[in-house]
Amino acid sequence: MKLPRLFGKKRGHRRTGSEAWGSFAEGLFYSALVAAGLLFGGTVLTGAAGVGWPRLDANDSGAGRNWWLAILLLLIPGALLAFGGSGLVRILSGWGKSQERRAAGSGSVSLRGAMGHAAEEAPGHPGVPTCDDLVNSPGTILRYRLPIESPESWTLLGLGLFAALWNAVVVVLAVGAGADLLRGRTDWLLLALLAGFVAIGIGGVVLFIRMLVLTTAVGPTQVEISDHPLVPGGSYDMLIGQGGTGSLRSLELYLELEEFATFRQGTDTRTDRAVVWREGVKTWTDVPIAAGGRFETHVTLSIPPSAMHSFASEHNAVKWRVVVIGRPDRWPAFVRVFPLVIFPADATAVADAAFDQETLAAGGTA
Amino acid sequence: MPQGSIAGGSQGSGSTAMPRVMVHFDRPGRDYAPRQQLAVRHDIEGLGGEPLRAVERSVLWYTEGKGEEDLGVHWFERIDETEGLLAVSPWGEFTIRLPMSPLSYEGLIVKVRWCVRVRIFFADNRDFVSEHVFDVGGISPARAPLERLE
Amino acid sequence: MSLQASESAAVERFVGNPFSTRHTAPGRVEPLDREGEPLDLGKLLDRIAREGGRAAILGRHGRGKTTLLHRLAETAERRGDRVVRIRVRSPWDLIPILNSLAGSPSGSLICIDSWEQLGGPGAAIALLFARLRRCRLVVTAHSGGDLPPLAVCETTPALLAAIVRRLPAGDALDGGLIDDTDVASAFEQSSGDIREALFRLYDLFEERRRGL
């Protein structure tokens, strides 16, 4: 069996490293993390670390007193196991594969992307992002349904998970504190910690419920469009659908252009954003929404003839979007964003027009 | 849309020659449409008799602004001493067709610029680069930043 | 091909914003001392050898540590040294550091940006490995540690003003869109963070160029 070379070929002063040995060393590193996690976790669980688990024995004394500390200490080996385990899985899944094959397998086909997200380039249009993700959802009436950017449902899910997990920890701590009190023992440190945890837990639940009510009461916003991608000078039919109950004081529709610039230096990654153009498309006032129904209307979206096309490179982007602002009667205003992709105007037509101009200027006929 | 160029480049230590690259575009306003033909002639002056090792010509776009610089090379050609450099220096020309995108864009924090870049390599490993910006697409510059709606 | 007598390339003028990252990113700006005078990079490289082959460039955010590191690396390369540049974002970057050390010949210069991101154990391992491989090490860090300081990057209004004057079309800034008062004000508002100050000047330049 031939072992992989420790060092690759020599290129002047440089040596290419061996992928195999590099991956092996990395694997050893992650294995060490997993081993450390298992060892530490084992000492905590068995009580060898000096903290123990509660015993129901009324004669309990000494060992097992600060059991709640054990729960918190388990977070450390848990993290070691998670990091080490995920690293090992990554190493094993990529073993023996080239960088390009790994990139293709991860779904990031393009080598360039904006803000670290792999943005696939539209064929024949360098620097223009593809709109595949925007045209894979057919509309009910018009051709395409636009996806919503950063949907509130993800925020709601995140809040819900946080509230559930945090309050689960609170319950465990509270049960333990209660058991201690019943035994006539007061652990002031635990009670102080519990007070803080309970406050955060209640806050999490309140935020989650508030957001849940808001989301269900306001209802979803749906935007469909007659064609995609768009081009400068084009006009498109759009359908706006707004669900919920009650009525809206106003519903506003805007077309916006936003620039993104990411800069990395040292430990800092900074992304600047700037909205550089906005046009109000339409505003509706006193919009009633019947229970179980929705407000639905068509509107024409016109793209300015001299509009810049959508652009995406590794650290910079120019993005178009439709923004819907709703102001319900009894709830706070909501803002929902739907991305669009605008391609450059038909290049053949533009080049022909330029050629015609040149010919006329030279005294010829177009 | 700004029309102009950045002329100049990097110099190694102990350099003597201060080259100057003159680039002539076939369109006086240096404004082009996508897919249009771009014809360029370049002259190199001020070599001071120093021998050249190679000349690289490229047509590329790059971003400028508050983000890290990205670039995309549309056309590239290297001519070195083994390929008749004397025939190229002190002048050269090329004609290419521009792509459909990206278009030149004068944004607030993101700008997209097209340029012709000529890089001269001297025999003593020094190099000098000269960049000459041109416009593609005639897109209007962005105006003021607006307050976010969200 | 018919070339028209277009505008002479001799009439070249600067286009763009002189404060864009194209001109101000690390390595683009010449490293200067707190008075705005150029640093002697050759002397600094020689000092690394006198410090036992390892040294740290210290300073807070946006003080020019990465810029100095880049220029030291370039100077070393021009001298014919083998140079490796690594930017650390997490402790896991110890792996590429060890890989680079393993693959580098003795005497190479390893330039590591954001050293403290490695953490204590990772830094100790990297130091030991560098010693075993006989590679020189220069790092950037916010605060001291086991490595002797090569330079402490501090900023002053004079330094920012000197940087601005060295930017493209810097001579045209006087009496133009940006003046010395703007530069001093940007420095103060950014609490001495040169990077932030340059971003502020970028916005100000754009605003004034558009007549806002």
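User: In which sense do strand 4 and strand 7 of chain B pair, and over how many bridges?

Analyst: Two strands count as paired if DSSP finds at least two bridges between them. Strands here are DSSP runs (E, at least two residues), helices are runs of H or I with at least four, and both are numbered from the N terminus. In this predicted model, local features need pLDDT of at least 70 and side-chain atom pairs count only at pLDDT 80 or more, while totals for chains, interfaces and linings use all residues. Residues are numbered from 1 along each chain as its sequence is written, and chains are lettered from A and ligands numbered from 1 in the order in which they are written. Strand 4 (residues 37–45) and strand 7 of chain B are antiparallel, joined over 7 bridges. One of the bridge pairs puts His42(B) against Gly92(B) in strand 7.

User: Which strands of chain C pair with strand 1 in the parallel sense?

Analyst: Strand 1 (residues 54–58) of chain C pairs in parallel with strand 4 (residues 136–141) over 5 bridges. Ile57(C) has Thr140(C) as its bridge partner in strand 4 of chain C. Strand 1 of chain C also pairs in parallel with strand 5 (residues 149–152), over 3 bridges, and Leu58(C) stands opposite Val152(C) there.

User: How many residues of strand 1 of chain C are buried?

Analyst: A residue is buried if 20 or more other C-beta atoms lie within 10 Å of its own, exposed if 12 or fewer, and partly exposed in between, with C-beta atoms placed from the backbone. By that count, 4 of the 5 residues of strand 1 of chain C are buried.

User: Which residues have the most contacts inside the largest nonpolar core?

Analyst: A nonpolar core is a set of buried Ala, Val, Leu, Ile, Met, Phe, Trp, Tyr and Cys residues joined through C-beta atoms within 7 Å. The largest one has 68 residues, and Val223(A), Val322(A) and Ile342(A) have the most contacts inside it. Strand 9 of chain B contributes the most, with 7 residues. A second, separate core has 34 residues, including Ala55(C) and Val83(C).

User: How many residues does each chain give to the contact between chain B and chain A?

Analyst: Residues are in contact if their C-beta atoms, placed from the backbone, lie within 7 Å. Chain B gives 31 residues and chain A gives 36. On the chain B side, strand 5 (52–65) and strand 9 (110–122) are the elements that give two or more residues.

Notes. Two residues are in contact if their C-beta atoms, placed from the backbone, lie within 7 Å.
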